[in-house]
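The sequence and the structure come next, followed by notes grouped by topic.

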Amino acid sequence: MAWRCGWRCYIYCVDLEYGGKMYNPSLTESILIRGGRVIDPAHGRDETADVLIVDGVIQAVGRLEFTAQCRVIEAEGLVVAPGLVDMHVHLREPGQEYKEDIASGTRAAAAGGVTSVACMPNTQPVADDLSVIGYIQERARQSGVVRVFPVGAITKGLQGQVLTEMGLLQRAGCVAFSDDGRPVSDSGVMRKALEYSRMFSALLIQHAEEPSLSGGCMHEGIVSSRLGLPGIPSESESVMVDRDIRLVALTGGRYHVAHLSTRQAVVAVEQARRQGLPVSCEVTPHHFSLTDEAVIGYDTDAKMSPPLRSTTDRQALLDGLAQGVITVIATDHAPHDEENKRVEFCRAANGVIGLETLLPVSLELVRDGVMSLSACLAAMSCHPARLLGIPHGTLEVGRAADVVLFDPEESWIVDARQMQSKSKNSCFHGRRVKGRVKQTLVAGRVVYTDEGR
Amino acid sequence: MRTAGNLWTRKHLLGMAGLSKEEIATLLDTAVSLREVNRREIKKVPTLRGKTIINLFFENSTRTRTSFELAGKRMSADVINMSVASSSVQKGETLLDTLANLQAMNPDVVVMRHPESGVLQFLANHLNTALVNAGDGRHEHPTQGLLDILTIQDHLPLLERDSFSGLVVAICGDVLHSRVARSNALGLKSLGAEVRFVGPSTLMPNQAEEAFGVTVHHRLEEGLAGAHVVMMLRLQNERMNSPYLPSVREYAEFWGLTRNRLRLADPKAIVMHPGPINRGVEISSEVVDDPDRSVILEQVANGLAVRMAVLYLLCGSGVRR
Ligand SMILES: [Zn+2]
Ligand SMILES: [Zn+2]
């Protein structure tokens, strides 16, 4: 599908759409992605067009005529979109490299069309300190194939007591703060965290779960009753979101709910946004596409926190996406090895991997008429990028050329064993999906191609 | 021994869920024919000679374990009892490893009890050995369900009924933590009985009506009204002085089955209990010892017959695997 016409070549292009602007031939490395359906939700673009990349930067988008030999990627029949931004990923490095590391996790991202990941701080040691953040950044430079943006802890050691050095951490590159894996449950601490982070306009990402209501191991409902498993009621999430929103109203801090899973929490976020509060939220592909019925048979790959919810909750998540209450789709990619998953259900670790199924499962939203393709891609590109304050998730001229090319029609069956991730705990294993990543580019460099797979 | 085995094609008995009316009938018919063995002078038949049954109990239960052990031995099987203390699970070995090791010894059936729901299903997904669920967490206890149903079936003529259809069964007490309640409800529902769950609201499964097709009652009197079968559940001590229940005194006052309260049920109603009984808590001694009402000892006898039937059918009685 792609072929090389020489790495360094002269180009001569005419951008018809922008009045036939001429480019001076110069010695550069350039790539032309030709004839795809170019969708850039940040700028409302959705048309058949070419994308010219010069020295890793997007140089032009439109009907481009070119005469010089340069590297051409034929994209006819493919969607050409901004590389996806996943704002909720667990890369497990440092500390649990047997589950995943930055190299394997970012390879999985690239295979899923994801070019920027925000990695959660519940590593060992916890990313609550400049040294750990520096280590992650250094490892990402050495071994990462996509962009890695660390999320710092809100409290030291995720202990929910002492705030981290958010100012210094932000300056060092942290794009948000979270104690993910557990909530900041003490109301006083959460209030202070929102007040403090506001000075830096930093985003706080809350794993919203009231601990005293979360003792179970699946959603509380008909299925948990039948299976005899202790349940976690929807209220475990909504009471925490309700409380936090009141604290946001008090403090003005920027607040983002991770992996929203319940109808009541969608309602709460909708009301907060209507009041103009700086509140946002994300949903995972597993929460919007599966329900607690996936647990029947005690499948530990259907165990995560928060749990898969009821049909009513799932429908509310779909409505929330359709109505723009939920603006972000994120994976909560949480690798676990077999030791932690091939055990009794209640003992099994929480979490599923998701980077390599993010795009095809999200495209089901488009097929099911929940949202347009452009809106769906926005939730995985420009929306999270804006929340994190990173200059990605768009095909804007002058920005780094992070691009995904995918075939929206190609049908395939998810096989966790074929995945790049070190761990195989996918809840979509065996699912027939549509939409396949063909190539992923970061700063104009191909970091994934499905050729030869 | 009859042709019932031909109707039985399952490899495991993991629960009552999913068992058809016909499968339940096959199990009960087999149990009835085997019950005769237990009444003989020499209570032993060679049916399962050369078969190996492992009883693997991760929770203490003298009754159920003994019942399975005797069931196997009466049919001449080799029965090995393993309790959690003598197994290697506590040395950090995973449950799957433990069972894989057992499987390597090639037993015909592993009978297992475990404190966590779904463990049997989990093992069945990964192993080949035939498994019998002797109670997993609060999920299911199918042989208890079967022995209770057999006991009820025996009493249908006395209750002036020719089938389970329309029979009212009140299952009373700590339904939330009860695998006995779940297995009974599932089995009785598929036979056409009307099942009530009766108990405090803190001890009731979420959305029980929809989950099990039962009615839910939070007053014992209401739940007992007109019932043909009153099944009392054991109240575990650890539920007391917890957010579930304030005290034994309060529980006994509102939820204990007394002779007076039993008058609300059908005049011929039978009273059941899976044991062990907390006399004076969930049930008064006068009811337990009332020969006209209590069928608790019949349950024990039927337990043996049902477990013989299960082992017989799972140990390759006919077309299987
Ligand atoms: Zn989380
Ligand atoms: Zn997470």
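**Salt bridges and zinc sites**

In chain B, Asp289(B) and Arg279(B) form a salt bridge whose closest N and O atoms are 2.9 Å apart. The model is predicted. Its chains hold 30 salt bridges in total.

- Asp289(B) sits in the loop between helix H11 (285-288) and helix H12 (296-314), and Arg279(B) in the loop between strand S9 (270-272) and H11, so the contact ties together parts ten residues apart in sequence.
- Asp289(B) is partly exposed, at 48% relative accessible area, and Arg279(B) is partly exposed at 44%.

**Salt bridges in chain A**

- Glu93(A) pairs with Arg139(A) in a salt bridge, with 2.6 Å between the closest N and O atoms.
- Glu93(A) belongs to the loop between S11 and H1 and Arg139(A) to helix H2 (residues 130-143), so this pair ties together parts 46 residues apart in sequence.
- Glu93(A) has 4% relative accessibility and therefore counts as buried, whereas Arg139(A) is partly exposed at 24%.
- Asp402(A) forms a salt bridge with Arg147(A), again with the closest N and O atoms 2.6 Å apart.
- That pair links distant parts of the chain, 255 residues apart: Asp402(A) is in the loop between helix H13 (382-388) and strand S21 (403-413), and Arg147(A) is in strand S13 (residues 147-152).
- Asp402(A) is buried, with a relative accessible area of 2%.

**Network involving both chains**

- Glu344(A), Arg347(A) and Glu116(B) are linked in a network of salt bridges.

**Zinc ion (ligand 1)**

- Its protein donors are Asp180(A) (OD), His207(A) (ND1) and His259(A) (NE2), at 2.0 to 2.1 Å.
- His207(A) lies in the loop between strand S15 (203-206) and strand S16 (218-219), and His259(A) in the loop between strand S18 (254-257) and helix H7 (263-274), so the two tie together parts 52 residues apart in sequence.
- His207(A) and His259(A) are both buried.

**Zinc ion (ligand 2)**

- Asp180(A) bridges the zinc ion (ligand 2) and the zinc ion (ligand 1), which are 3.4 Å apart.
- His90(A) and Asp332(A) are buried.

How values were computed:
Residues are numbered from 1 along each chain as its sequence is written. Chains are lettered from A and ligands numbered from 1 in the order in which they are written. This is a predicted model: local features need pLDDT of at least 70, side-chain atom pairs count only at pLDDT 80 or more; totals for chains, interfaces and linings use all residues. Side-chain values use heavy atoms; hydrogens and water are left out. Donors are N, O and S atoms within 2.8 Å of the metal (3.2 Å for Na, K and Ca); water is not among the atoms, so sites may look incomplete. Helices (H or I, at least four residues) and strands (E, at least two) are DSSP runs, numbered from the N terminus. Buried means under 20% relative accessible area, exposed over 50%, partly exposed in between (1.4 Å probe, protein chains only). A salt bridge is a side-chain nitrogen of Lys or Arg within 4 Å of a carboxyl oxygen of Asp or Glu.
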